[in-house]
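Reader: I am new to protein models. Please take me through this one by asking what each label rests on.

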Amino acid sequence: MKRTYYSTIVLTLFLLVGNTVMAQNPLSLYYLDNVPQSMSINPAMVPRANSFFGVPGINSVYGGINTDILGPDIIQKVNGKYVTLTSELFDYKPLYSRIGKAANLSAYQTVAPLMFGFSGKKGYFTFSWTEKITESLAIPKDMFSIMDNGGLKAGSQLDLSPFAINAQYYRELSFGYSYKFMSNLRVGIHAKVLQGLAAIKTDINTFDLNVNYDDLDERHTNANMELDGTVYISAPIEVYSDENGVPDSIVTPETDLATILDKGVFNFSNPGFAVDVGAVYDYNEAWSFSAAINDLGFIRWRGDLNSFTADGQFNFTGVSISDLDADSINTGFDGLLDSVKNAVNLTHGNKGFSTGLGPKLYLGAVYNVNHYFSVGALSRTVFAKNDFRQEFNVSANLNLYHVLTTTINYTVAINGANTIGLGLALRGGPLQFYLAADYLPYAYRTLTIVNSEDGGEPQEIPFTPTKVDNFNIMFGLNLIFGANGYRDEPMIDAYSEF
Amino acid sequence: MIKNKGIILILGAVLISTLFGCKKEDVVLTDPQKYTRPLNLALPIFQAKIKAVDLIENLDTTQFIFIDEDSLIHVQIDTAFSAGYEDVIEFDEMALDISHTIAGSKAIEIPFYFADTLPAALIEGQRFDYTTIKTAQMEVKVSAPSGFTGSFKLKFPEIIQKNGDTLIFESDFGQEYNDTRNLEGATLSFFQNASDISSFRIVTEGLADSQGGSSNGALLVSVKMVDFVPNEIFGFFGKMLIIEQKQDMDFDFLGDYDFTDMIDFKDVKLTLGLESYFGIPISLFIDSMLFSNSTTGETVLLKDEIRVGEATYGPPLVPSKDYVDLDLVDAINIGPDNIYYEVNAWANFEGEVLPNGDTVQNFLINDGLGEIEADILIDIPFWFKISNYERTDIIDFDIRDMIEDETTIDYLEELILYFDFNNGFPFSIQAQAYAVNATGDTIENLFDDDQYLWKSPAIDVNGKAVGMENNPVDLSLTYEKVKSMYDNGVKFLHIQTNVSSGGASGTPEIPEFVKLYTSYNLEIKLSVDITGKASTK
């Protein structure tokens, strides 16, 4: 019976995942439990204050990057000389080993124009309005192999199907409520109304490119491309097609105020919904456990839809021309793109699509050594399409509640980065500043780029990380009211005996 | 409190030592944007199917191209002249104003009679016998003397109206008489007056009474035939020049190609044709047809004539026609760039009485067909032999502009262009491309010596290429060759080609007469294979 439940949960998660680009809040935020934004890790967590008000626009500034392309092997030292992808001395094997089928590059930005919360009799109400942008690009390994091999050799067989572009811009209106069930159990929920503003999503099943010898004469080659996939776009663009219905141009809209209002602020054609649910259980004064599952939801994209579907093969045996004059050759090359579009049966449609937010499961435990020092552990599992990513984090936290809260932690990502994170919250009067960052690059160097075509003037970039796998940072300003504890539960003195 | 300070100090020390401890060796990246990996590229570039019929459509001189029923391509220059009915006969408005004196008498009516003629022929030596009238209006005005009574008749004995009656106007004296008759369908049998001028007569007769007055009076008669257009007209229309043409035309269908010494055309002719719907003997003279080559100064002068008798009167009207062919092979093979000619056509060139004593009777029928058409057709079928026609084209090829960075060459081991020429045209072309520097020195030869680009398929007995001949050509640019071209500053490619007709199986020194058909094709396929190597620098 348990297994059935488990299977059902996993299946539900995968259905909700879809194609997602997953913004992830810093794990360091989890340990800053007097910062209101920590409830974005677990909705049951509430700040130790009667109420708070995020300074508009700068209460939750978040940026993150996640990539496997900027690893330590992107710059290699060979025979005393530093080289990168374009050099004949560069060894691609470590890069291939790192990226697998595709190199991924994802970036996230978040800003919250409005955020506030206040405690009720037993519960804590919160509201936030957040603008979120997530982008992700997957570059197939075989694209690098073209660079590696200096082009396309006869016999090349490239699988470009891992190519993907996924991005979405949406607005999140989150209504939160955290309720204390018992003296040691608090549960919380965030109900999030989502307003999709723009998105692009690729769904490529097949994208093969092969270069073969001509059957009759091996002096000649032909290139064969097989493509099966769809690109979905929800954005205010106009697509024009030729007389055969094959798309041939895209026009972007005017950026006047009316368009911005219509397609941005008041665009309600792409609705979505998501929930975060979580619980915090204080086993005793020393031990506290928590669990949360966040971003369980999706956006259904229905407005300003354009989809481009291709399903076919194009065999390239050279540009077809009918004469050797310049006009004919130009016409031949001009017609090449049309030939490709026709061969792969490129069609334009208006298919709707869904995107998920990337559900995340947080499991955490904190051991309070005393009132101001604790150690903790946190696990985050991020569910992606047919995949998941696992991170483990351990921390040491110093919590001088009146003024300062800090955390230093270390994250181990399975098949990813292993490095430290930091968190800091400072309060003076009602004003609170906080900063939380994971995956801090601890090894750095000065990178000097010499471009001989520009006269050889070196360009120095100091403190360049030796590698960047993950990095995220969040900071902001809050106004905290009644910061010494809840109305019904005064704050303990941090300096009293434990 | 002391305990807290200790922890903070320890954390600070860890942080500082971490910062310094994690400072790694500085990195200098030189020209990271510069791609220095060995190139390896094998790709098809283009395949072209060039059809003779498409090449013809692209010519500036398409209007001179003619494709016959066998799809053989010809250049034809067709010049036509014509003469119509109005070039032979001419009628002005025919009008006569006369004042006749009629006698006055106190007692009786006195008859009067006057006869006049109105000339119709305007051209000397031209005689009209009879015509049917297509359109004409006869306007008559008669004014009797004041105080006279009586009547008059105005007769036109040569004009018989459509109803068979002679044309007559009659009336009593009174107010001024005005009348107009439509003569459509009428006939006019011309009266030859004393001067042998074709005319028609006007007879004025009647009775006049002066009503007691004794003085004479003036009877004013005005006759005008307007809009006169004959339908059929017979007579002898005189010896006259009816077409006179002089033309000086550039003849540049061979363009800038100086083939003169290497090309021989076959079966080139000029056809002079004449078709006449005139009932008149016509003689057409090419008084001068001069082909000239301004480069070589060579000229060829041709003269000829053609004569046809009168058409056969119908219905149906059967035109007389004839043509004559002139052999133009000598004229065309000088490679003319200009043709000048003078052409004249005469009617009744030998007069009314022929040398054999026969008398010529002319007629013209004004039904839209009654024309003479003379035609000069120069027909040059593409049936020729070309022997080792050699030309050199110069192409800008500044290798230092194309390869900005010399070190790029270091990564090239070899670039091979694989051409396949599958040729259906009856020509063999040998080519050599010389890479030449600014001072004209040849740095490299790109092809092997005596390299064929195209080879002619076999030529059948009719001069037609049979099937296609495939010729693979590999153009190899090794590192050494490209380096040499770069180091020596190659700026131009001199493409030298040698064209011969036929010469299948690689024997262009024995050119054959070949015909050029629209069905010929040339297929070209090009692939590139670039092999790179690690730079030695």
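Reader: What makes Lys192(A) and Asp295(A) a salt bridge?

Author: This is a predicted model, so the distances are computed. The closest N and O atoms of Lys192(A) and Asp295(A) are 2.6 Å apart. The cut-off is 4 Å, between a side-chain nitrogen of Lys or Arg and a carboxyl oxygen of Asp or Glu. The pair therefore counts as a salt bridge.

Reader: Which parts of chain A does the pair tie together?

Author: Lys192(A) lies in strand S9, residues 185–213, and Asp295(A) lies in strand S14, residues 287–301. The pair therefore ties together parts that are 103 residues apart in sequence.

Reader: How many salt bridges are there over all chains?

Author: The count is 30. Five salt bridges lie between chain A and chain B.

Reader: What makes Asp420(B) and Arg219(A) one such pair?

Author: Their side chains meet with N to O at 2.7 Å. The limit is 4 Å, so the pair qualifies.

Reader: Which elements of chain A give two or more residues to the side that touches chain B?

Author: They are strand S4 (81–83), helix H3 (141–149), strand S10 (221–234), strand S16 (319–321) and strand S25 (444–450). S25(A) gives the largest share, seven residues. The side of chain A that touches chain B divides into 24 nonpolar, 18 polar and 10 charged residues.

Reader: How do you know that S25(A) pairs with strand S1 of chain B?

Author: Pairing needs at least two bridges. S25(A) and S1(B), residues 27–30, have four, so they pair. They run in the parallel sense. Leu447(A) stands opposite Val27(B) in S1(B).

Reader: How many residues are in contact between chain A and chain B, and what area is buried?

Author: 52 residues of chain A are in contact with 46 residues of chain B. The buried area is about 4,500 Å². Carbon and sulfur atoms give 53% of that area.

Reader: Why give an area at all?

Author: The size of an interface is often given as the accessible area lost when the parts come together.

Reader: How does the radius of gyration of chain B stand against that of a compact globule?

Author: A compact globule of 537 residues would have a radius of gyration near 24 Å. The secondary structure of chain B comes to five helices and 35 strands.

Technical notes: Residues numbered from 1 in each chain as written. Chains lettered and ligands numbered in written order. Predicted model: local features only at pLDDT ≥ 70, side-chain atom pairs only at ≥ 80, totals over all residues. Heavy atoms only, no water. Contact = heavy atoms within 4.5 Å. Buried area = accessible area lost by both parts, 1.4 Å probe. Nonpolar A, V, L, I, M, F, W, Y, C, P; charged D, E, K, R; others polar. Rg over C-alpha atoms; globule rule 2.2 N^0.38 Å.
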